[in-house]
Amino acid sequence: MATMYDALNIYPLDTEVIQKKLENQLTTALDMNNFITVDYSLEGQDGNVMKVLTYKGTGNVEDLAMGAKNSDTIGAGFEPVEYRVVRTQGTVKFYDQQRDADDAVVDKSLEHLTEAMINDNTAKVVAEWAKGTNKRYGFDFSYAAIVRARAAMKGENKEGIFMMVNSEDAADLMITLASQLQYVEAYIRSDYIGSIAGMPVYISDGIPKGTAFLATREAVTAFYKRQITVETARDIENQENTIVAHTIKVIALTNNDKVVVLSAGADPRTGYTVLNEAPVDWATDYNDYYTYDAVAGEMVKNSFDAAPTFVAGVFYSKD
């Protein structure tokens, strides 16, 4: 146990006590690690870039005449997404004179450091959920819309799904579903407002207003190279104290099928018509058409250097 000294006094402010305080405070708020998969396989491994491969089945079966061959093959394609391993760090500095003037300066600084670490983790998890391509627009926070959204999650197994909403939207949700929500005092204190269609509903102001998520823990994974580490240092000459907390990890969307993004906004595809066959001017005017970027949730005008291969259901014309 490392105790901090100066020339005249002993301050019982040691690394072990600080670390316990920080860890305990991190678990007092709505901890996003409870809603994602935590993976420690990166610990001790070299490298600072990680590729996440999300696989998707390609091709389909066809009815064929005698002697005919399939026009397409069946496979499992994937698109690698590259993530950079990052060091997330916060630093607290204070002088002995500040602590002498206000003995709460260390506690309050640590509280702010803790909140900043939590907020950063929350923002990164929410950003990965938002990358989900299964988006439902015009969401009105009604019971019917929630049930349909739950049904839209891929796969027959609907176990482990939760809903995450902003506090303002949660208020609208509670008003809309007043008789269906089951309130429990302990749940309210822990930001859990009840269950809807078998799904627990949680509140986080890290969720943007007008957006909600249905997800399971499999949707997002936090890959840790180093868990939260706290270190302290002291400059005895100018009586400056430094406390540094940092973690090294990657937070990534690892299962796109396990998240549904609900948006109160209008569908960006409104005013566009999906093309099921190549238009007559495709070979020359292919850049007059659009594609839908499901991750960004917006329509993108084609900007190819040459006519791309037409794929039914991928390109749109503007009405």
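A residue counts as buried when its relative accessible area is under 20%. By that cut-off W129, at 0%, is buried. The model described here is predicted. The protein comprises 7 helices and 18 strands, and buried residues account for 39% of its 319 residues.

**Overall composition**

- The accessible surface of the protein is about 18300 Å², and carbon and sulfur atoms contribute 50% of that area.
- Among contacts in the protein with a separation of 6 or more, 74% are between residues 24 or more positions apart.

**Aromatic pairs and the cluster**

- The structure holds 12 aromatic pairs.
- One of these joins F35 and Y202 in an edge-to-face arrangement, with 4.8 Å centre to centre and 70 degrees between the planes.
- This pair links distant parts of the chain, as F35 and Y202 are 167 residues apart. F35 is in the loop between α1 (15–26) and β3 (37–39), while Y202 belongs to strand β10 (residues 199–203).
- F35 has a relative accessible area of 6% and is therefore buried. Y202 has a relative accessible area of 19%, which is under the 20% cut-off, so Y202 is buried as well.
- The rings of W129 and F213 have centres 5.5 Å apart and planes at 40 degrees, so this pair is tilted. The reason is that tilted covers the angles left between stacked, under 30 degrees, and edge-to-face, over 60.
- W129 and F213 also connect distant parts of the chain, at 84 residues apart. W129 lies in helix α3 (residues 105–129), and F213 lies in strand β11 (residues 211–215).
- F213 has a relative accessible area of 2% and is buried; W129 is buried at 0%.
- F35, W129, F162, Y202 and F213 form one aromatic cluster, which takes in the edge-to-face pair of F35 and Y202 and the tilted pair of W129 and F213.

**Charges over rings**

- The charged end of R269 sits over the ring of Y292, at 4.2 Å from the ring centre.
- The charged end of K301 sits over the ring of Y290, at 6.0 Å from the ring centre.

**The four-stranded sheet**

- An open sheet of 4 strands runs in the order β15-β18-β16-β17, and its pairing is antiparallel.
- Its edge strands are β15 (272–274) and β17 (298–301), each of which pairs on one side only.
- From one strand to the next, the twist averages 45 degrees.
- Strands of a sheet pair through backbone hydrogen bonds, in either the parallel or the antiparallel sense.
- β15 pairs with strand β18 (residues 315–318) in the antiparallel sense over 3 bridges. T273 stands opposite S317 in β18.

**The loop at A264**

- A264 is found in the loop between β14 (259–263) and β15.
- The relative accessible area of A264 is 41%. Partly exposed is the class between the buried limit of 20% and the exposed limit of 50%, so A264 is partly exposed.
- A264 and F139 are 125 residues apart along the chain, yet their C-alpha atoms are separated by 4.5 Å.
- Not counting residues up to four places away in sequence, A264 touches G138, F139 and G210.

Note on methods. Residues are numbered from 1 along each chain as its sequence is written. This is a predicted model: local features need pLDDT of at least 70, side-chain atom pairs count only at pLDDT 80 or more; totals for chains, interfaces and linings use all residues. Side-chain values use heavy atoms; hydrogens and water are left out. Helices (H or I, at least four residues) and strands (E, at least two) are DSSP runs, numbered from the N terminus. Buried means under 20% relative accessible area, exposed over 50%, partly exposed in between (1.4 Å probe, protein chains only). Contact means heavy atoms within 4.5 Å. Accessible areas come from the Shrake-Rupley method with a 1.4 Å probe; for residues, only the protein chains shown count as cover. Two strands pair if DSSP finds at least two bridges between them. Axes are lines fitted to C-alpha atoms, for helices over the stretch in contact, and angles run from 0 to 180 degrees between N-to-C directions. Rings of Phe, Tyr and Trp (its six-membered ring) pair if their centres lie within 6.5 Å; planes under 30 degrees apart count as stacked, over 60 as edge-to-face and the rest as tilted. A charge sits over a ring if NZ of Lys or CZ of Arg is within 6 Å of the ring centre and within 35 degrees of the ring normal.
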